[in-house]
Amino acid sequence: MSLGIDETTLTGIGGRTGVGRRRVRTRSTIAARRVHSAGVGSASPIVLAAILCGVQVFFGVAVLVANWSAHPLPLLAAAAWAVLLFAEATLAVIVSYNGERLPTGLFVFFLTALGVAVLLDLVSIWSVEDIGGYASASIGAGFALLLTIAQRRRREIVIAIAVLGVALLAAILLTTPLTAATLPSQLIALCLACLPAAIGLYVVGGFRAIVQRALDRVLVQSTIAGPRLAFGMLASEELARLDAAAEELLESVADGRRPLPLDAASASRAATIATELRLHLLDGRKQSWLYHAVSESEVLGPTVRLSDPHTLAGLLDQHQRDGLLTAVWLLSSELQRSGISISLGPVRPQPPGAPQDRRKLVPIVIEVEGSSRGGVDPATWDELSKVGTFHDSVKQQVLRVEIECWVADPAEA
Amino acid sequence: MELMGKERDRLAQRSVRFVGLAGAVIALLCMLLGGGVEPSSWVATGPGWLLLALALTAIERSGSVAWPIVGLLGGTAVLVALLIVEPLPLGEGVAVGVAALAGGAMPAFALVLAAGAGRAVVLGLATVSSVVLVELLTGGATLLTPYSVAVGLGWLMFAILGYWLRVSLLRITGRIESIGRAYRAERQASEREAQRRQNARLLHDTVLASLTLLAHSGHGVNADAMRSQAGDDARLLRQLKTSSVPDSAVTILNAAEPVDETPLGHTLESVKQRFGRMGLQVNWHGSARLLLPAEVLDAFLRAISECLENVRRHAGVPEAHVTISDDEHVVRAMIMDQGVGFDQALVDEGRLGLKESVVARLQEVGGSSRLFSAPGSGTTVVLEVPKS
């Protein structure tokens, strides 16, 4: 594929002046938008986390107050809550004034404060021989981790949860005799400390994935409005980059910075730029929207193989393109690990006796490995019917959909 | 964006399964480890547990409201069975297990119930009934045991989480749509830019010629001429970069004053200088204003340039004249030299260096070329392109 060519030739001049770096920047602008998208999804989790923490604090403090007289060191337990609340308030205020970001320094401070609160809480109940029954701020610390989920890496939170769990478990094993009467509350205390943050990670992780996929989808969706053949998002930047490289070289020759005759390195650089520029100026570099959609998408890219030697996808109208793209999207999101192949053409001649309505028949075949008809989202079939009439069959775990797609004849258009 | 709603629902369903099964397992463990549950209770609660497990498993694949209802009925059945069979109030171990069931496993369904009035009613009923049942199971003399309070708060938290999942995704949908519009605009701009650069073929031809010379270190070319040509080309490239001429706009050229400040004027001047350095004096004539789309203009100028190259190689004279004129429909260029000429009958046009690609490109934009020559009386090429 043409994309392969310039990938290899590009490495020829990467590493020297701006040429190679520029490409990286091209990629990184897309990456930057994707990272920014993480912000799109994390705007409100901290508010949610604060509400959930608030509910838990209310309960925890109420239980502590109710048990005040039975508690061996209630003031120490209250101090643990004070430390915890101070840490939570500090975090919430700074993060909301800091554009939803949680700097590492603050995160470390927060975890340290949580550690202190857990320590105070455990020390205050060390003598009662029932950690699970009396633990209060320690469980609050587990909920407090919710506040950091959207802002920090998953791994960091997992480690924090694990440390908290191990600390509680150690305290239980060291002080509490495990009997039928005490076991359930120990188990519950451990779960209440560790599960909320774990559930939070699960939900926020899934949520992020949805946002990421939705962004990928709008990126891909923007291809369907394109012309029959297009250069693609990266082409113009690459052409601009090559023009800039040529300009720089020619200018340095003109003003004598590179003396004539040129040294071998400069000469070979001139040759490389010329070769790439020629490649980029060939008409054949244009590809269909479907090619761009697949190659630019992080969802479709790894799973979809496209075979469209005559770029027939470009002939589909927008409605058909939308249907085809959405169907393929649904198939690939439903069956993430299997491969999907799409092949278009060759154009079939009009059957004899067919009305001469200036249209052509483009057969499209979609094959999905390791799939059955039942595993497919029903909406897929609606989308496919936008493309044309189709029929599907399953043979040896391969779902095969053949679509008869009628398009306007380009010669008549 | 309905796709996103679907994915969100699926995430909520998966979360119900994850949380619900975890809660149910913990509740069972508490009841088993805590002892004190009558063997007859296991028989009585069995069907309820099974229903709950069935609903929690099935909900991953189905968004139907039937599964939450089945699951909640199952959980409630367990509570009611305990209420009937067990001596009250429950012992601490079993009470903890009951709280885990009613405040952890059952509220998981709230994640899919915090949506729409109908589901909210189910949510409300389930919350009230589980709080009341747990109160009846664990309450003695005091009203509101910690267990029933915890159960109520569990329901509250999961309802908030479910509501948040629903609402924040709606909010994000709007932002993602605007990002989508930005993508579309960016793609169009990028496409136009690529087309504009690719259309500037004449410019790229001269740049490629210079680069090829430089690839041979510039040997065999006068160093001053090479530097001057490199300077011209660099300037042209700079102008291509800053030019604000979009592809569909019309480029204006006054051929009588070729060196105006348009990139095109420079291009013409650059053609002249390039041939000048190679020993062919090019004279532009005519005062027609060229009002042509960029693509047509480029093909036109490229063809002219190719004809001049032909004169330089074969005509044997140091001078060529290019006259540009137009009428209502076409713009015409006449490239004339007083050179050796040739017999048209003997020379195949294809060998004249008027590269097929150039002729083809000219035809592509609706233009044509004609050639007149005779031995000893020079050569004239007429190129025509349509104005619109």
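Helix axes here are lines fitted to C-alpha atoms over the stretch in contact, and the angle between two of them runs from 0 to 180 degrees between N-to-C directions. Please keep in mind that this is a predicted model.

**Helix packing**

With that in hand, look at helix H3 (residues 66–85) of chain B, which packs against H4(B). A second pair to find is helix H9 (residues 183–221) of chain A with H1(B). The table sets out both pairs.

| Helix pair | Angle between axes | Distance between axes |
|---|---|---|
| H3(B) and H4(B) | about 155° | 11 Å |
| H9(A) and H1(B) | about 170° | 10 Å |

Angles over 145 degrees count as roughly antiparallel. H3(B) and H4(B) are therefore roughly antiparallel to each other, and H3(B) passes H4(B) in a left-handed crossing. Which residues meet there? From H3(B) come Gly75(B), Val78(B), Leu79(B) and Leu82(B), and they meet Val98(B), Leu101(B), Ala102(B) and Ala105(B) in H4(B). Sorted by class, the residues of this contact are seven nonpolar, one polar and no charged.

H9(A) and H1(B) are likewise roughly antiparallel to each other, given their angle of about 170°. The contact of H9(A) with H1(B) has 21 nonpolar, three polar and four charged residues.

**Where the chains touch**

Stepping back to the whole interface, 67 residues of chain B are in contact with 59 residues of chain A. On the chain B side, the elements giving two or more residues are helix H1 (2–34), helix H4 (92–105), helix H7 (146–199), helix H8 (201–215) and helix H9 (223–242) of chain B. H7(B) supplies the largest share of that side, with 24 residues. By class, the side of chain B that touches chain A has 36 nonpolar, 17 polar and 14 charged residues.

**Inside chain A**

Chain A has 14 helices and five strands. Of its 413 residues, 43% are buried. Counting contacts in chain A between residues at least 6 apart in sequence, 78% join residues at least 24 apart.

The buried residues of H12(A) are Trp289(A), Leu290(A), Tyr291(A), His292(A), Ala293(A), Val294(A) and Glu296(A).

Why is Val294(A) classed as buried? The cut-off is 20 or more other C-beta atoms within 10 Å, and Val294(A) has 27, so Val294(A) is buried. Leaving aside neighbours within four places in sequence, Val294(A) is in contact with Leu300(A), Gly301(A), Val304(A) and Leu306(A). Val294(A) and Leu306(A) are twelve residues apart in sequence, and their C-alpha atoms are 7.9 Å apart in space.

**A sheet in chain B**

Strands of a sheet pair through backbone hydrogen bonds, either parallel or antiparallel. In chain B, five strands form an open sheet of mixed pairing, in the order E2-E4-E5-E7-E6. Which strands lie at the edges? They are strand E2 (281–285) and strand E6 (368–373) of chain B, each pairing on one side only. Direction ignored, neighbouring strands of this sheet are turned by 15° against each other on average.

One pairing to trace is that of strand E4 (residues 319–326) of chain B with strand E5 (residues 330–337) of chain B, which is antiparallel over six bridges. Val322(B) stands opposite Ile335(B) in E5(B).

How values were computed. Residues numbered from 1 in each chain as written. Chains lettered and ligands numbered in written order. Predicted model: local features only at pLDDT ≥ 70, side-chain atom pairs only at ≥ 80, totals over all residues. Contact = placed C-beta atoms within 7 Å. Helix = DSSP H or I, 4+ residues; strand = E, 2+ residues; numbered from the N terminus. Nonpolar A, V, L, I, M, F, W, Y, C, P; charged D, E, K, R; others polar. Buried ≥ 20, exposed ≤ 12 C-beta atoms within 10 Å, placed from the backbone. Parallel < 35°, antiparallel > 145°, perpendicular 65-115°, else oblique. Left-handed = near helix turned anticlockwise from the far one by under 90°. Pairing = 2+ DSSP bridges.
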